[in-house]
Structure formats: structure tokens, C-alpha cells
Amino acid sequence: MTGPQQLYEEERNMWFAAAIEFERQNSQGSGSGDRSSRQYRYRDRVSGHSRLLNDYFVENPVYDETLFRRRFRLSRPLFLRILHTLQQHNDYFVQRRNAANTVGLSGEQKMTAALRMLAYGMSADSLDEYVRIGETTTIECVKRFCQGVVEIFGLEYLRSPNAADISRLLRKANQRGFPGMLGSLDCMHWTWKNCPAAYHGMYTGHVHRPTIVLEAVASYDLWIWHAFFGMPGSNNDINVLDASNLFANLQEGCGPSVNYTIMGNHYNMGYYLADGIYPKWTTIVQSISHPQELAHDFFAKKHESYRKDVERAFGVLQARFAIVRGPARFWHHEDLTFIMKACIILHNMIIEDERVDDNGLVAMTSGNDDYDSLGTDGPVEVSRGPISFDHFMATNRAIRDSNTHYALRRDIIAHLWTLHGQGVIE
């Protein structure tokens, strides 16, 4: 081979040799694929597991139940119940040996790391010194823990009120002077620190930074019955209400119907207390911004007092789980959804676990406030059959009827003023 073709081949081989030498020299540096650049840290996971057990989980632990409740946000029996259920659902939380026959992290270590991140909102690598768990493993624990809690307990602790629940809520509402009230409704914004730049305009609203909206309904005991999370922060409460499924069961005819009478007038839909931004619907009762009469002023005070139930629920939720109080540092919307729902589920589980009766005593199996009860006693009937389109539209119009809204509020005002005159409510 002679001439120009030989020169071409020699030049090509020279370039190939230079490229191989360049790649070899670069591979000796700190590359992510170079094993020699990775540092293995012997964390002694077994001693970390033993220390954690001695501190909290043995018969006579170093830290008692009070400190356990303060640091984990829940009681030790509830912690172990969740852990055992997670281990049956996902073997990720079962302690195993890896391919090198080395004992891995225990379920207690993984769940402790997840709960500490949720409760304190701390960074992932801050748990390494005590729990003996790496940063990436901690993040994976949080994601798997939240997803597991939602998948296992979501059906029970994120459900809509059943017949027994509504009967109990109506009984408490009657004592407060608001017959037919099922709770209070409001929205909360969670700042999304690591929101992608392309989504900033969609998720930025009146807070002037990217946020995600949580719509919730809470009852007198701060139990969150409805949680609709995921709407961008540029939406106001009305847009979120239109997109949520709060009244979906009622519109479809498969939700419990509530029957009650106020001042001789009969109503068949429960209602929620809300602030002034919400629409004038049959199922939403607002306060009076500038009351001119004594009866209106008394109604406004009681309404604003009981409407704070959902505000208190938001405050307790953020106090228990600081991760939803500070800016969210995860990148994916799906991860934030699992975290928020898991925190709400844990919040409801703690309320159930620490429920108190009228005497201020812990009532673990109270009959009146049994959230797990599936009984059907009470003034509630549930229809499960298919409905026609005309019935669906009629129900939708009834929910959004402003005339019924004003009539209901007038009856509530008169009812409260009557009870106040009788000395029943001060």
C-alpha cells in the first residue's frame, strides 16, 4: 500500500493511539467509574444496630417512652407495629446479608433514619454518625418508607368518613351548635426548593416562590379526613377545590348522605366551615366578615373558632414532621407526594394511638371514637348503585346552590342564637 492511502492509514492509527493514551491517562484521575477513586467506609453497622436497640428497644432501654415519643414522634408500640407491617410488605426493611456475606442494615436502623428525616427535616448525611447509614441509603430509606406507608395504611387512614365516623362527627357538631358540620376546609402551601427551573412559573403564586398546595379537611380532634396534594402553587383555593375529589362521592351517589334538621328545615348534605375565598355552595359555610347584629357577631365568633380546627391540624402536622414545614429538597413531584401523604397517615395514626376520652384519659379502644369501626349505625345511608347522568347533574347543581347556602347559614345563625339565649352555648 503506497501513496495517499498509506499516509491516511498511518495518520488514522496515530490518532487512535493518541486517543487511547488520552483515555488511559484520564482514567487514572477521580472518575465516577474508577473503582480506585471510591472510598469504602467501614461503618460497623452491627454495633450501630446494637447501640440503637440498647437505647430504645430493649426491656430496660437507656431512654424511656417519653423520650422515644419526643424523638420519633410516635410511641414505641406504634413504631414496632409499622415496622413489622413494612417487613411483611417489603423485604427491604428486613436485615439480610449481602453478596460478601456481610450483615446489612436492620429494619430499626432504616426506619429510624426515615423517621428522623421526616421529624426533624435534617440532611441525609447527618444520621451517619449515630445510625451508621450513608447519605444515599438514607434517601432511599425515606422514599421506600413513605411509599410503603402509603401503600399499606393509605386505604385505612386516608379514607373518607364512613357511617360510624359521620355519626360521631354529627354528634360532636350538634354539641358545638353546628348541626350537619363535618369539619373545616382549607389549603396549605409547601415550598419546593428544588423545583425545576422550567416549572417555576407554574408553581409560583402569592408566596413568590415555587410551592405545592395541600387541600385538607380536619375534624375537631385534628384527624385529617381529606387530603388532596399536588396542585401547583399558582392556583388559589377555588381552583384547587374544582380539581379535588372532595365532593366526588357525593356527586356520584356513592357517598354517605347526611340528614339533619335546623330550625324546622331539613337538609341532606353535610357542610364544611371555610374562609371567605370559597364559593357560596350548599356544602360550604363561611363566616360573616362585618357582622352588624349581635346574632351575626356571635355566629362569626363561633364559626372562626371552629374553622381553626384545620389550621390547628396543619400546625400539628408541621410541628410533628418538620420536613413539611421547611422547603422540600427532593427533585421529583412523585417523591414529595409520597412524603406528604405518609406524614398525614402517620399524623392520623398518632391521633388514633393517643386518643383521649372526655376525662382526659388515654382511650385506646374507646367505643365512641373508634376510627376503625365499620358499623353502620346512625343517620347515614350509603348508595352504591349506578346513577344516571341526570341525577349526577342534579346533585352537582344542588351542591353549588347559593340559595341553599344562604338559607342554611341563616338557620345556623338562628339556631346558635337560640342556644346562646338558653345558656347552652356561651
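**Ground rules.** I number residues from 1 along each chain as its sequence is written, and I leave hydrogens and water out, using heavy atoms for side-chain values. As the model is predicted, local features need pLDDT of at least 70, side-chain atom pairs count only at pLDDT 80 or more, and totals for chains, interfaces and linings use all residues.

**Salt bridges.** I looked up the total and found 11 salt bridges (a side-chain nitrogen of Lys or Arg within 4 Å of a carboxyl oxygen of Asp or Glu).

I opened Arg76 and Glu65, whose side chains form a salt bridge at 2.9 Å, N to O. Arg76 sits in helix H4 (residues 76-89) and Glu65 in helix H3 (residues 65-72), so the pair ties together parts 11 residues apart in sequence. Helices (H or I, at least four residues) and strands (E, at least two) are DSSP runs, numbered from the N terminus. Arg76 is buried at 16% relative accessible area, while Glu65 is partly exposed at 31%. For these words I use under 20% for buried, over 50% for exposed and in between for partly exposed (1.4 Å probe, protein chains only).

Next I checked Glu354 and Arg69, which meet in a salt bridge at 2.5 Å, N to O. Glu354 is in the loop between helix H13 (333-353) and strand E9 (380-382) and Arg69 is in helix H3, so this pair ties together parts 285 residues apart in sequence. Glu354 is partly exposed at 30%, and Arg69 is partly exposed at 26%.

Then came Asp297 and Lys301, with their closest N and O atoms 3.5 Å apart in a salt bridge. They are four residues apart in helix H12 (residues 294-320), about one helical turn. Asp297 is partly exposed at 29%, whereas Lys301 is exposed at 54%.

**The sheet.** I traced five strands in an open sheet, ordered E3-E2-E1-E7-E8, with mixed pairing (strands pair if DSSP finds at least two bridges between them). Strand E3 (224-232) and strand E8 (284-286) are at the edges with a single partner strand each, so one side of each has no neighbour in the sheet. Strand E1 (residues 181-191) and strand E7 (residues 271-274) pair in the parallel sense over three bridges. I noted that Gly183 has Tyr272 in E7 as its bridge partner.
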